[in-house]
Amino acid sequence: MSGVRVPSVTLFSCALAGRPGTRRTPQLTSVMRMRPWVLAETNYGHTRQHQYEVAVLPLGATEPHNLHLPYGTDLFEGSIVGEHICEAAHQQGANVVLLPTIPYGTETNMHALPLALNLNPTTLNQVITDLVDSLVGSGVRKIVLLNSHGGNEFKPLLRELCGRTEAALFLCNWYKVLSDVYSEIFDHPDDHAGEMETSFALAFFPQFVARQEDGSLTADDGRPRPSRFEAVQEGWVSMTRPWHLLTTNSGCGYPHEATAEKGQQMMQRLTERLSRFLVELSASPMDEQFPFAMDD
Ligand SMILES: [Zn+2]
């Protein structure tokens with residue numbers, strides 16, 4: 001659970017109404033409304049009778065996000081995107097389950113910032129590999145890695161596991177899903193804690209967005225230093241950026257025109273696209289031509 005929304009689970013409330021001298025038995029006075037597409041809320045009574053087809057594993061991070069967003073931003077985002085897309089897919093008939101979010105990611109380029117809690121890529125890959133084995137052991141062979149964090153790069157893991165696991169692994173960096181329509185929603189590009197992430201937070205966890213007394217964000221402008229190398233600046237050559245030198249307070253992207261409405265709009269479009277994929281994936285047989293289209 002993201003920890004930011006009250007889950008739609010009504011916990012058992014016990015009416016201790018036993019007669020004197022008898023053993024008092026808790027009575028269930030309210031109905032438990034678990035969401036069967038959220039593994040953390042469901043139970044063995046459900047899973048022993050129900051075989052899931054698709055598992056979605058969100059991957060987050062714990063790191064500073066300028067001066068105004070919480071350390072848990074990426075892990076909240078993973079859980080919240082996962083909840084939206086799995087719910088929408090479930091309602092369209094997909095047989096999908098959302099797994100608990102992994103809260104830590106790769107932070108080596110943030111090593112100089114306090115409490116950017118790092119798992120090296122090899123460590124994280126091992127964790128995911130073990131979870132994939134568990135899922136396959138439970139008969140789930142379609143697995144979607146739903147990544148929230150730019151420092152996590154999982155394509156090499158997909159290549160390493162290809163042919164070594166029965167599972168078909170898919171990777172979605174959700175923050176790239178709307179690249180083609182980004183400018184229809186937002187006015188400023190976002191790399192880290194900018195307009196997109198701040199809008200997300202204002203829409204879904206506003207209680208953790210820090211503000212000044214006048215209501216403005218406690219953030220600075222999130223302006224990054226350009227590289228001294230043209231090739232790096234143009235993207236022909238890449239490197240991992242030492243984050244404490246890249247920008248002032250860890251933000252990389254202008255956050256001050258963020259709104260909750262922009263965050264809601266993004267989530268709606270994200271949910272449409274990704275839930276459609278989950279529905280198709282759930283319905284697709286893992287036949288001999290999977291994942292390709294059948295020959296005519
Ligand atoms: Zn982030």
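The following legends describe close-up views of a predicted model.

**View 1. The four-stranded parallel sheet.** The strand order S2-S1-S3-S4 forms an open sheet of four strands with parallel pairing. Its edges are S2 and strand S4 (168-173), each of which pairs on one side only. From one strand to the next, the twist averages 20°. Helix H9 packs on this sheet and touches S1, S2, S3 and S4; the direction of H9 makes about 140° with that of S1.

View 2. Strand S1 spans residues 54-59 and is mostly covered, six of its six residues being buried. In a regular strand, side chains alternate between the two faces of the sheet. In S1, Val54, Val56 and Pro58 point one way, while Ala55, Leu57 and Leu59 point the other way; residues of both sets are buried. Strand S2 (residues 96-98) pairs with S1 in the parallel sense over three bridges. Within this pairing, Val54 stands opposite Val96 in S2.

**View 3. The pairing of S3 with S4.** Strand S3 (residues 142-147) runs parallel to S4, and six bridges join the two strands. Leu146 stands opposite Cys172 in S4.

**View 4. The packing of helices H2 and H9.** Helix H2 (residues 73-91) packs against helix H9 (residues 260-283) at an angle of about 55°, and their axes are 8 Å apart. From H2, the contact is made by Val81, His84, Ile85, Cys86, Ala88 and Ala89; H9 contributes Met267, Leu270, Thr271, Leu274, Ser275, Leu278, Val279 and Ser282. The residues of this contact divide into ten nonpolar, four polar and no charged.

View 5. Pro224 is found in the loop between helix H6 (195-204) and helix H7 (230-234). With 16 other C-beta atoms within 10 Å, Pro224 is partly exposed, because a residue counts as buried at 20 or more such atoms and as exposed at 12 or fewer. Leaving aside residues up to four places away in sequence, Pro224 touches Leu246, Thr247 and Cys252. Gly251 is 27 residues from Pro224 in sequence, and the C-alpha to C-alpha distance between these two residues is 8.0 Å.

Notes. Residues numbered from 1 in each chain as written. Predicted model: local features only at pLDDT ≥ 70, side-chain atom pairs only at ≥ 80, totals over all residues. Contact = placed C-beta atoms within 7 Å. Axes fitted to C-alpha atoms, helices over the stretch in contact; angles between N-to-C directions. Nonpolar A, V, L, I, M, F, W, Y, C, P; charged D, E, K, R; others polar. Pairing = 2+ DSSP bridges.
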